[in-house]
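Biologist: Please take me through this model feature by feature. Begin with the terms, then the case at hand.

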There are 2 protein chains.
Amino acid sequence: MVDGEPTGERAGATRRRPGLSRAAVLDAALELVDRGGLAQLSMRRLGASLQVEAMAIYRYVRSRDALLDGLVDRVMDQLYADPAVLLQEGDDWADFLRRVADGVRRVARQHPQLFPLIATRPPAAPWVRPPLRSLRWVEGFLTGLQSRGFSEDGAIYAYRAFASFLVGHLLLEVSAKGVDPVPTEPTGPPPPDVDLSAYPELQRLAPRLAVEDLDEEFAHGLEDLLERIGERARLARP
Amino acid sequence: MVDGEPTGERAGATRRRPGLSRAAVLDAALELVDRGGLAQLSMRRLGASLQVEAMAIYRYVRSRDALLDGLVDRVMDQLYADPAVLLQEGDDWADFLRRVADGVRRVARQHPQLFPLIATRPPAAPWVRPPLRSLRWVEGFLTGLQSRGFSEDGAIYAYRAFASFLVGHLLLEVSAKGVDPVPTEPTGPPPPDVDLSAYPELQRLAPRLAVEDLDEEFAHGLEDLLERIGERARLARP
DNA sequence: GACAGGGTCCATACGATGTAAACACGTCCG
DNA sequence: CGGACGTGTTTACATCGTATGGACCCTGTC
């Protein structure tokens with residue numbers, strides 16, 4: 001049983017493989033999810049895409065759930081590392097929030113299949129009210145605002161309002177782009193459009209509901225939110 | 001094989017069972033999900049809870065996914081049937097939206113395990129921008145607003161802003177309540193609280209982040225939103 | 001150079017899952 | 001009485017997550 005190539009590969013295991021790593025695993029998983037959706041992410045498939053048996057993955061990840069958490073954290077953390085997002089010396093808090101919002105939105109559109117998880121997975125610290133994952137991120141947010149003159153209450157309020165605004169908008173934005181369809185078809189024909197005859201108003205307004213001014217709407221909502229946050233901050237710290 | 005009771009029941013099938021029905025299936029599924037979470041909803045378990053073999057369920061539901069969609073629709077539709085939510089003759093649009101918001105929030109808290117699905121599942125008509133499921137519901141929303149003097153654009157804008165506000169707030173609210181934990185423990189001890197030493201600001205503000213003034217915050221955000229919607233409507237229809 | 005130790009990956013196995021297909025039974029209509 | 005039909009059961013299969021134990025390679029020590 002020393003030779004004879006049972007898997008079609010040189011059975012001799014580790015040979016000159018670049019070697020797995022947690023990062024490699026996460027990246028491969030992320031790619032699987034991005035095209036194909038969450039359902040495509042099985043340990044065996046992930047293994048195959050890394051040219052490795054499924055069980056090898058467990059060296060780098062405790063379980064499939066942990067893998068998912070890892071994905072979420074990785075994506076969020078890479079956002080945190082994005083220089084275009086970090087708060088910079090010269091800008092005020094509103095600029096900071098705008099940049100963060102843009103960054104998160106970019107993440108949502110890059111990984112639409114993953115985003116629902118980001119908004120949905122039980123967070124590491126559930127008592128952090130709006131649990132936007134990545135504690136590091138929350139920390140940065142809070143200190144960032146406070147260093148920009150926010151009171152503690154103001155920062156907390158801002159964090160909550162901001163997080164829920166982002167999640168709400170982006171989740172809907174993402175779920176509107178066909179997120180779930182089976183991956184066998186790269187982009188098969190959309191499901192045979194539903195019968196709308198029972199919903200006249202919906203039918204009549206359909207074109208306009210489908211309209212794509214999401215950019216404008218997002219921006220508008222964000223400015224609105226910033227104004228609200230600013231007001232509140234002013235109240236809390238006269 | 002004609003007798004001998006393989007399942008512990010009278011094998012003779014249909015006998016005097018109340019008989020399954022789509023409604024019964026959905027109700028049982030909903031109960032399974034409510035206590036135990038989505039992961040507990042397997043066809044076999046659902047079958048068992050209906051005293052039926054798993055495959056019997058497929059007479060009433062095309063697949064597990066369809067089951068989930070059915071759950072979402074059922075919950076949303078029952079909201080639509082709620083007399084406390086329907087718009088009534090005397091009230092203006094703001095009252096209507098307030099009541100809808102309360103209704104959806106009630107749903108979210110009654111079925112916290114299901115709510116992420118509501119916000120997440122690919123909608124029947126993906127082109128309806130914020131896809132709040134239940135087309136019937138959207139229809140009611142649009143006609144309701146328009147009959148209250150909203151322009152078409154105003155109604156559409158209101159729908160979008162309203163839906164994303166609701167989803168954002170409620171999703172975070174729900175996911176903060178431990179949603180996912182394994183169901184074996186009715187309410188086991190919360191996961192061994194994360195180590196926060198790396199995040200001083202977070203640690204310092206933790207008590208306040210955990211604070212439970214969600215009611216107030218929700219109400220505040222809602223009023224704010226209503227104001228914004230009203231403004232926009234006024235612009236569109238001078 | 002030999003050899004022990006440990007890290008990495010493989011092979012195998014088990015129970016659970018979603019669901020297709022064929023079948024059994026009870027009811028009702030002719 | 002006989003078939004059609006609807007409802008639930010049986011059996012089967014592919015796939016999943018993962019526990020366990022063994023095979024291989026690399027490295028460090030003598």
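Modeller: A polar contact is a pair of N or O atoms within 3.5 Å; within protein, one must be able to donate a hydrogen and the other to accept it, and residues adjacent in sequence count only if both atoms are side-chain atoms. Here the side chain of Ser151(A) reaches the backbone nitrogen of Gly154(A) at 2.9 Å.

Biologist: What should I know about the model and its numbering?

Modeller: This is a predicted model, in which local features need pLDDT of at least 70 and side-chain atom pairs count only at pLDDT 80 or more, while totals for chains, interfaces and linings use all residues. Residues are numbered from 1 along each chain as its sequence is written, chains are lettered from A and ligands numbered from 1 in the order in which they are written, and side-chain values use heavy atoms, with hydrogens and water left out.

Biologist: Where does Ser151(A) lie?

Modeller: Helices (H or I, at least four residues) and strands (E, at least two) are DSSP runs, numbered from the N terminus. Ser151(A) sits in the loop between helix H6 (135–147) and H7 of chain A.

Biologist: Is Ser151(A) buried or exposed?

Modeller: Buried means under 20% relative accessible area, exposed over 50%, and partly exposed in between, with a 1.4 Å probe and protein chains only. Ser151(A) counts as buried because its relative accessibility is 13%.

Biologist: How many helices and strands does chain A have?

Modeller: Chain A has nine helices and zero strands, in the order α-α-α-α-α-α-α-α-α along the sequence. Of its 238 residues, 48% are buried.

Biologist: How do I read the contacts in chain A?

Modeller: Contact means heavy atoms within 4.5 Å. Among contacts in chain A between residues at least 6 apart in sequence, 71% join residues at least 24 apart.

Biologist: Which residues is Val75(B) in contact with, leaving aside neighbours within four places in sequence?

Modeller: Val75(B) belongs to helix H3 (residues 64–80) of chain B. Beyond those neighbours, its contacts are Leu30(B), Val107(B), His111(B), Leu114(B) and Ile118(B). Val75(B) has a relative accessible area of 0% and is therefore buried. Its C-alpha atom is separated by 9.6 Å from that of Val104(B), 29 residues apart along the chain.

Biologist: What about backbone angles?

Modeller: Gln51(A) is not a glycine, yet has a positive phi of about 55 degrees. Gln51(A) is in the loop between helix H2 (43–49) and helix H3 (64–80) of chain A, and is exposed because its relative accessible area is 54%.
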